[in-house]
Each structure stands twice: as C-alpha cells, then as structure tokens.
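Please keep the structure open while reading.

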Amino acid sequence: MRKFRKYTATALVAMMVAGMTMSGYQPADVSASQESEYIIVTKDKKSMKTVESKYNTMIDTQEQNTDFLKDENVLVSKMTAKEADIVNKDQKVVSVEKNTMVNASETESTTAAKEDQGTDSQWNLKSIHVDKAKDTATDEKVKVALLDSGIDYQEGLNVKERVNLIEDDNEFSPMFEDSSNHGTSIASLIVSNNGKVKGINKNVELYSARILDENKQAPISRVVEGIYWAIDKKVNIISISFGTNQYSEALKQAIDEANAKGILVIAAAGNQGENGTDNVEYPAAFENVVAVGSVDSKAEVSDFSSTGKEVDVVAPGEAVRATGAFGETMVTSGTSMAVPHVVGAASLLWQKDTSKSKDFIKNLLEESARNVGDKESYGNGLIDYEYAEKQYTKAEEQYEQGQDIELKDNTKTIKTYNNSSDENKVSGTWSAKGHQEYLTENNVNIPAMKDGAVYPDKDDSGVPGMTENPDFHGLYERRHSGNEEVNYLASYRFMIKIGNEYGKGKTYTSVSKADIPGLTDTSYSRIRSMMANLQKKSFFKNYSNANKKAFVFGVAMHTSTDTFAHSTYRYYNGTWYSITHAINEKKGQYKKNEADNSKFVPERFDMAYRAERNTLYRYQGKRSDVAVCHDFHAANDPDKYYPSNPAFKVKRISKYGTQVHLSDANVIAHFATINYN
C-alpha cells in the first residue's frame, strides 16, 4: 500500500493560512526581515559548496555541530524569508524549508507502586505473544538506533554507543542524560533486564542518539542528523517515537537514504486520534516507514492513536509499564510506547538470520498481524511475534522465490487483560496540577528528584562546570582557588540535611556549618548561595515541601554520582592517572570526555548507580539507620565493588571519610581499597 499524505484543498488552505507550504518553506512576506532557521538541501556535494560560497552573506552554518548533515549535502542556517526565497530559486538547490519542530508521541506518564502490579503487569508482552520468546544470545546482534531524548545509565539497560546532538549541551552526566525519561522508558521496553520491567530482546545492540530536548522536542535538522548518524553506524533498525504534521523534504531524503542502506525505519503514527481522522504524522506517514498505532489491554485502538491509510500495524501503547528515572517503574501512554514493541519483535525475527532484508522483516510482521479492526485504525492488525515465528519458514520460501509474502490469516482469539489500575493511574496524572502530584512507592516524587539531579548541569542553576563549581560535581579540589580541598562526602551530607529541612517546611538556613564535619568555609558558602538562588526560582516556590525535599535530594545525588566521574583514577602503563575530560594519550585517554563516558572504566558507573539508588532509598526512609556518607558505599557484593585490584580509585575518599567521622569498620576498609591519596 502506498503511504504518502494526500492533503485536501481545505487542508492546503489551512496550511497556507498558517504561513507554510508543503515543504515548510515560507515565501517572502511582511515579516521578510525576521530571521528563522532553514534547512537547505542541495543536489550534491559540489552544488552544496557552490551554494554556500555564492550566498555566503546569507548562509551561516557555524552552528552545525557535526558533519553528518554536510556529508549529505544539507545546510542549516538562519536567514530571512526573503533570503530563503532567493536561495530556493537556485537550480542547484533541491529544497529550502523552515526548520520546524517534532514532538515526542507520548501522552501521559506517572510512576507505579510495586503493590499495584498484579498478574497482568506484563499484559503488553502477552498480547503480542512475545512474553515467552527466547532471547538467547546470538553470534550476530541486531543493531537498533534509538533516536530520542537519550538513555539514562542504569543496570540492565545496556547501550553500545551514545551521541549527543543537542547543541551547546555537551557536558552532562550519562546518569541523567535523559531529562524527560522518554528515551529511557522506550529503551527499557526493547532491552531491559533489570528484574522489574522485562524488555523484549536483551540481545539487541542499542545505539542512542540524543536529539529530543527536555521538552521532548527537536528541530527537523537534528532528526535528520540523527538518521545519518544511525546510517553511519550501520544499524539494522531505526526507532522513532516522535513526529510532525508537516511534510519535510530533508526528512524524506534522510529516510530514503536509510532505506537504501537496508535499514528498517519504525515510527509512531502520532497522538492526534482525538483530533479527527487521516492524521498520521511524519515520518510514519512516509511509504517506506512502518507506522505504528496504539492499542490498550483490550486490543482496542487507543483514543489518542492517529488514524489513516498510512497505519501499518498496532501494538500496546496505553498504560504500559516501563523503566524511568533511577530505575523506577513508570506507567506511560502514547504511540511512542507502541513503537518499541514492534522494534523488539522485529529484532527477534531478524536475529534468526541477519542477512535477511528489511523488506522481508517488514512484510513478515505485517502479514502475520492479527486483524482486529478497520484498516485506518489498526492497519494490518496487532503484531503477533509467535505467529510470525511459526510462519517464518513459509514466508522465507515465498520471499526467496520472488513472491509476495502471503500467509494464512491469523485467526487467533484476542485475549484481553485487566489493566484498569494502571489505566486509571495514568489518566489521573495528567489531570493533576502541574503533573507533579503523583508519587511512587513510599512517597518519592520522581519528577522533582530527576529535575534536581539534572539541575547542576544547567546554566540557569548558576553552578555548571566541575572546575568552577566542584561542590556540586564531585570534584575533590577547588582548582581556581589554590587547589583547596573539597570534601564531596561533606558536601553531599550538607545537601541531604538541607533537603530534609525543606521537607519539614524550613529552609537551608536551618543547617549550620557545625552540623557538617569536614565541610570547608568555602563549600558552606557556595552551597548556601546556590540554595538562596534556588529559592528565588518560581518553579521551586510553587513546589510542595515534599517536592522541595525531592529536588534537593536530586542535587545531592548529582554530587555523589559525579564523584565517580570526576575524582577517579585509572591504572595505565604502570601508573595511576586521573580520568579527565581532555584527550591525553599518555594517560591512554584518546577521546574527549572520557570522564563522563560510561564505557571508559565502566565499573565507575556501576558504583555511581549504587550511590544513586542509595539516595533514592534514603528519601524513601529505607536508610534512616545508615550514616548519610555511607551512600557512597556499595554494601552488597563487596568482592565485586572492592576487589584487591580495583579498576579505578577515588581521590582522597579515605581522608574525606575520616573528616566526616566515618566509624563503620567495613566502610572504612572498603574505602581504603579504592582510595587514591
């Protein structure tokens, strides 16, 4: 079936009234002197260089932070509409279009308490018959590129390679790189193996391109850049859980290129179902993309799921359990969540023989789906991995003989599941004031804590950068002040005590320096100053006491986890060297930002994850009988975390432990094992 959005005359008029054409290009008008960002697609590389030179007074590509776009003859520049009009008329130019935004295809989310799970907590896997699928290791892994908001570092959520394509946002902790939790939740449905949420195929080799910002948005140019990055990584599948209602020639060209390279592109149909019909979003609306709609636990199409002849298949996407921030379980909805179910099923089928083509996998998925309703809502139907696997050999024979894949109709009885608890939970979340009122187990406000955890890396926090603000980034010394010692254990304890005071309706002024042994005068002053500025922020003023406490605990969490990035040493060529952000071949650090690279001495991040969980448990009241500075300690499995020959060491952790009056013999001994003086 040909998939290409056909707009009616009425729709075209509406678009023109809104000031756009099919390509997103806006001709000169009364606002022609105002600059906007445009995408310029040229015929070839030679044409691109000619155009860039010819219109050098109009085109400025300095903000393109990678070469992926230029390598594909794509330029991004701010121009006036009049200038765009001039460039668009050049014969060497294929198209000029406004660099419009895409939005994540997620409608609602909240966190879930363990006691609500019940027997149907994996209804989403059962409904597509993938709950018993064998995901045993294979020699050749299927490579999946997830273009989204990034993926937080977590146990059981393995990422082969990461790239951040968000401009001016290159230094952040991989522990909290996904500020919206959107990408993390999608990744968990594909590969998670954390004992809470079961991913479909833990053997997938996952590649993460961070393109969606904290508002779950990205300009088309960044999406295109992510696609070309995925092509460069030679992935098998590109997973896209966002969309736009505007056609983009640049986006189409990138999708076409991915298809030409044998990549299967799977995308969310969109969440416009309550706004009429025939509204599948791009890139799902393109013919060569698998467009995925959403169904609930009764196999009924979700009210929000976009409909139209472009829909190919449907999958579970309403009130689905996934892994969110800090490894906690969340309940979320949207065609965003339906996509990873199709990606996971496709990867299981493809790993049987990775030499198979994308068209074979696509056709097998669609032909084996269960017909559960009309084509424009359900497409070919609800995907069914079990039936697809059983029909694999027959489909293979047909395909290899050059025939269309035609299978017996899937007439399995549709089973329904009771998921009313989670469905009600999600619906309630987005009717709540500020979307911040819904709590997880033991009253932890995950959104507020996550906001606090990413806050120190933001410019408006006033404390970004480890060198300038070591108190908030786990650095052991103040390098701009004669290398004055900064006791990260004491800084963390100070913040935790401040958080507790906010929880009581008080402020940071209730905690004195005398309460925090090991805290220097400078650290005391710097942390108080940051808290004073925080209190002036409107969002913080509007927080409840519980939210304020959660937020400050998040800031403290950033400090503890960053310690294992910024105060660590690695043994290399007979010497212990500090792990830094700068390239240093003598230290065996051949790439920038190795300090924040979770693949570089990964044991550091295993420890950081333990520290992260300890902060969460402390908020939940599970560590009330444990000294605060023990949150840097991994109590379980000491042989793993404190071996006789550690992979890394932490600067001054024993000295700083003495300063904060640690007394537990095991903690002191374990810290001594990984201590670097």
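Two strands count as paired if DSSP finds at least two bridges between them. The model discussed here is predicted.

**Strand pairing around S4**
- Strand S4 (residues 101-104) pairs with strand S9 (residues 217-219) in the antiparallel sense, over 3 bridges.
- Within this pairing, Asn103 has Gln217 of S9 as its bridge partner.
- S4 also pairs with strand S11 (residues 242-243), again antiparallel, over 2 bridges.
- Here Ala104 stands opposite Phe242 of S11.

**Helix H16**
- Buried in H16 are Ser523, Tyr524, Ile527, Met530, Met531 and Leu534.
- These residues cover an arc of only 135° around the axis, so they sit on the same side of H16.
- The buried residues pack against strand S17 (477-478) and helices H15 (488-503), H17 (538-541) and H18 (545-566).
- Asp521 and Lys536 are exposed, on the face turned away from the buried side of H16.

**Helix H8**
- H8 (residues 335-350) reaches 23 Å from first C-alpha to last, close to the 22 Å expected for its 16 residues.
- H8 is mostly covered, with 16 of its 16 residues buried.

**Ser305**
- Ser305 lies in the loop between strands S13 (290-295) and S14 (313-316).
- Its relative accessible area is 1%, so Ser305 is buried.
- Beyond neighbours within four places in sequence, Ser305 contacts Gly270, Gly273, Gly293, Ser294 and Thr335.

Note on methods
Residues are numbered from 1 along each chain as its sequence is written. This is a predicted model: local features need pLDDT of at least 70, side-chain atom pairs count only at pLDDT 80 or more; totals for chains, interfaces and linings use all residues. Side-chain values use heavy atoms; hydrogens and water are left out. Helices (H or I, at least four residues) and strands (E, at least two) are DSSP runs, numbered from the N terminus. The expected span of a helix is 1.5 Å times one less than its number of residues. Buried means under 20% relative accessible area, exposed over 50%, partly exposed in between (1.4 Å probe, protein chains only). Contact means heavy atoms within 4.5 Å. The arc is that of the directions from the helix axis to the C-beta atoms.
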